[in-house]
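Here is a short note for a colleague coming to this entry for the first time.

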Amino acid sequence: MTSTADAEAAANELTPLADYLGSVLRRLRPLPPLDLDLTQAYGNVLAQDVVAAHAYPAFDQAAIDGYAARWEDVAGASASLDGALRASGVRLNVVGDLGAASWRPVRLTAGTCFSVAAGAPLPAAADVVVPVEWTDQGMAAVEIFRAPKRGYGLRRAGEELPAGTLLAHAGTEVNPALVAVFAATGIGHVVVRSSPRVVVVATGDELVDVGRASQPGQVVDANSHALTAAAVEAGAMAYRVGICDDDPEGLRGLLEDQTLRADLIVTTGGTGNGPGDMVRRILSRRDGAVTFQDVALYPGTTLGFGTVGGEEVPIVCLPGEPAAALIGFEVLARPAIQLLAGAEPVFRPSVRAHLLETVPSPAGLREFRPAHVAERRGGGYTVQPLPGGPYTMSGLAEANGLLVLGEKVTTATAGSTVDVLLLDRRR
């Protein structure tokens with residue numbers, strides 16, 4: 001029976017997770033930049049800063065429906081206390097109507113106003129728009145019962161975004177709101193990083209495809225489906241190749257074929273030291289291009305990384321156990337995808353949270369445990385570990401965070417403060 005001292009000695013021989021991640025990510029570079037039409041840019045990461053080509057708004061315009069006027073002409077209007085008498089109203093001649101499509105320049109003269117729709121260009125000399133509700137809504141002439149402050153109801157050219165404003169930094173993901181800002185300020189093309197093309201391969205003679213029940217000696221391939229979805233969530237264009245048997249020539253041929261369409265290959269299964277761990281046996285013999293490392297990570301200690309093919313396409317090799325594969329993806333493959341995409345930062349956000357339940361943790365390993373994190377009233381977060389520990393797929397499916405317990409932690413007590421990675425899931 002292995003003693004506690006033996007277990008701790010074995011853990012001390014493992015590579016610290018932070019060191020391993022640093023060594024892997026330093027070998028990767030963002031994909032080359034690509035000029036894309038704005039309609040295709042959503043979801044990509046900017047490779048260059050984006051600066052407003054034009055001001056927004058582009059011209060002085062009405063912000064509301066109403067009457068554009070000179071403030072000195074309406075300043076005397078005021079509603080009575082009970083709203084019934086309007087003896088102090090101001091009467092102006094309505095000399096025209098302006099809509100959002102109006103383009104001819106016009107000018108106000110004393111005692112006149114224009115009826116305007118929201119978005120319409122302002123007539124010269126107008127410095128206030130009186131809301132329709134503050135008038136009798138007249139057409140040839142209008143009576144104004146209440147005077148707004150000077151500047152009310154209008155937007156000046158460049159008020160929100162002057163020309164030359166930095167709209168977004170390189171490394172920012174393009175979202176729908178940014179697309180709107182770019183379009184409004186005259187940006188039709190942006191320079192982005194390509195979305196990484198990720199190929200996912202599940203390996204193992206025991207694997208069978210979904211849609212059937214497992215029999216003795218068979219395991220349904222959940223990993224390739226899950227990891228393909230995880231790659232898409234990370235911003236990649238993901239391709240599920242499916243199942244590859246433990247056939248050396250078949251594995252070599254499949255990987256060679258996939259290098260033609262991949263920026264990153266992710267495999268699952270076969271990373272251990274057993275006689276059936278074909279991925280490790282085949283890839284570790286190829287000129288040392290792929291190395292397998294025992295990392296201080298729980299679950300799933302062994303990870304592989306390197307390059308394959310003449311194009312030296314990066315490859316990440318994850319364990320075959322489904323929960324360990326998903327944790328390995330979060331820890332290693334997802335940051336790799338983010339780096340290839342040029343995203344900043346490459347890691348998920350984390351928070352410090354109040355632990356609601358005491359949990360044990362293996363000595364010498366950095367544990368990632370499915371958990372539910374919630375904001376506390378008055379500020380801060382709480383985190384509840386989910387039943388079953390890190391090896392339960394059901395726990396991962398319910399989790400909106402991963403409780404992170406360091407290598408020196410053997411017991412995290414209720415009430416202590418712990419680190420939690422936030423997952424992109426709403427609860």
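1. Thr291 lies in strand 18, residues 290-294; helices (H or I, at least four residues) and strands (E, at least two) are DSSP runs numbered from the N terminus. Thr291 is partly exposed at a relative accessible area of 39%, where buried means under 20%, exposed over 50% and partly exposed in between (1.4 Å probe, protein chains only).

2. Apart from neighbours within four places in sequence, Thr291 contacts Leu303, Gly304 and Phe305, contact being heavy atoms within 4.5 Å. Thr291 and Phe305 are separated by 14 residues in sequence, and their C-alpha atoms by 5.7 Å.

3. This is a predicted model, in which local features need pLDDT of at least 70 and side-chain atom pairs count only at pLDDT 80 or more, while totals for chains, interfaces and linings use all residues. Residues are numbered from 1 along each chain as its sequence is written, and side-chain values use heavy atoms, leaving out hydrogens and water.

4. The largest nonpolar core has 41 residues, and those touching the most other members are Val198, Leu264, Leu297, Phe329, Ile337 and Phe368. Such a core is a set of buried Ala, Val, Leu, Ile, Met, Phe, Trp, Tyr and Cys residues joined through side-chain atoms within 4.5 Å. Elements giving two or more residues to this core include helix 2 (17-25), strand 13 (197-203) and helix 8 (322-340). Helix 8 gives the most, with ten residues.

5. Not counting residues up to four places away in sequence, Phe329 touches Leu227, Ala230, Ala231, Leu318, Arg334, Pro335 and Ile337. A second, separate core of 18 residues includes Val199, Leu254, Val279 and Cys317.
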